[in-house]
Amino acid sequence: HGDRMRTYESLIEATTLEETRDWPVGQEFPVRGAMMRITLNTILRGIFGAEGAEFHALRELMPAMIRLGSKLVMVPALHRDIGRWSPWARFKKMRSELDDILAALMAHARSDPALDQRTDILSLLLQARYDNGTPMSDSDIRDEVFALLVAGHETTATSLAWAVERLRRHPEVLARLVEIGRASCRERV
């Protein structure tokens with residue numbers, strides 16, 4: 001939906017401006033961490049519809065869960081629970097925490113009288129119907145938004161960090177982009 005994409009554009013812009021506000025000028029620094037925060041915050045708001053306590057809880061939970069999950073996927077032998085300190089038990093605990101937060105977000109969205117006006121993907125999934133008219137199960141919705149986060153977070157952040165690195169190597173291209181950005185800002189005013 002074009003209107004929804006415009007909503008995400010302003011969300012991405014606001015999130016980026018918030019993150020880059022305190023970047024050092026004239027000094028090199030690694031940007032991948034900043035890009036990870038930008039993409040995570042955008043996904044949590046744009047896909048999950050998270051704000052407030054749920055947003056902050058997800059910001060803490062998701063990076064740790066993704067780091068652990070990316071290691072576990074490479075070693076299937078670790079996919080068994082051998083006690084509370086085992087990697088699989090920790091992952092299952094994190095997934096349970098995620099499911100609880102998502103349940104709260106779904107309940108909040110469902111109770112919103114303007115559910116059909118919301119722009120987050122979670123709200124769209126709550127309103128979605130199969131061909132036979134039945135809604136998606138909460139479990140399927142949780143799996144879908146989790147997959148969107150995992151698929152979009154690190155890959156997008158890495159691509160953005162790479163783009164910044166490339167721009168640093170081509171100052172003439174960076175200068176043109178800065179001018180385009182300034183012109184765009186002037187048009188808005």
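A salt bridge is counted where a side-chain nitrogen of Lys or Arg lies within 4 Å of a carboxyl oxygen of Asp or Glu. The model is predicted: local features need pLDDT of at least 70, side-chain atom pairs count only at pLDDT 80 or more, and totals for chains, interfaces and linings use all residues. Residues are numbered from 1 along each chain as its sequence is written, and side-chain values use heavy atoms, with hydrogens and water left out.

**Salt bridges**

The structure holds 13 salt bridges. Three of them are set out below.

| Pair | Closest N to O distance |
|---|---|
| Glu19 and Arg37 | 2.8 Å |
| Arg169 and Glu165 | 2.1 Å |

Helices are DSSP runs (H or I, at least four residues), numbered from the N terminus. Glu19 forms its salt bridge with Arg37. This pair links distant parts of the chain, with Glu19 in helix H1 (residues 2–20) and Arg37 in helix H2 (residues 32–46), 18 residues apart. A residue is called buried under 20% relative accessible area, exposed over 50% and partly exposed in between (1.4 Å probe, protein chains only). Glu19, at 18% relative accessibility, is therefore buried, whereas Arg37 is partly exposed at 39%.

Arg169 and Glu165 lie four residues apart in helix H6, so about one helical turn separates them. Arg169 is exposed at 55% relative accessibility, while Glu165 is partly exposed at 28%. Elsewhere, salt bridges that share partners join Arg95, Asp99, Arg142 and Asp143 into one network.

**Nonpolar cores**

A nonpolar core is a set of buried Ala, Val, Leu, Ile, Met, Phe, Trp, Tyr and Cys residues joined through side-chain atoms within 4.5 Å. The largest such core has 31 residues, and those with the most contacts inside it are Leu44, Phe48, Leu58, Met62, Leu98 and Leu105. H2, helix H3 (52–72), H4, helix H5 (121–127) and H6 are the elements that give two or more residues to this core. Another core lies apart from it and has six residues, among them Met35, Met36, Ala157 and Ala161.

Contact means heavy atoms within 4.5 Å. Not counting residues up to four places away in sequence, Leu105 touches Phe48, Gly49, Ala50, Glu54, Leu58 and Leu122. The C-alpha atom of Gly49 is 8.5 Å from that of Arg118, although the two residues are 69 residues apart along the chain. Arg118 lies in the loop between H4 and H5 and, at 13% relative accessibility, is buried.

**Packing of H6 and H7**

How do the axes of helix H6 and helix H7 cross? The axes of H6 (residues 138–169) and H7 (residues 171–188) come within 5 Å and cross at roughly 110°. Axes here are lines fitted to C-alpha atoms, for helices over the stretch in contact, and angles run from 0 to 180 degrees between N-to-C directions. H6 is therefore roughly perpendicular to H7, a term that covers angles of 65 to 115 degrees. Leu167, Arg168 and Arg169 in H6 meet Pro171, Val173, Leu174 and Leu177 in H7.

Terms used: Angles under 35 degrees count as roughly parallel, over 145 as roughly antiparallel, 65 to 115 as roughly perpendicular and the rest as oblique.
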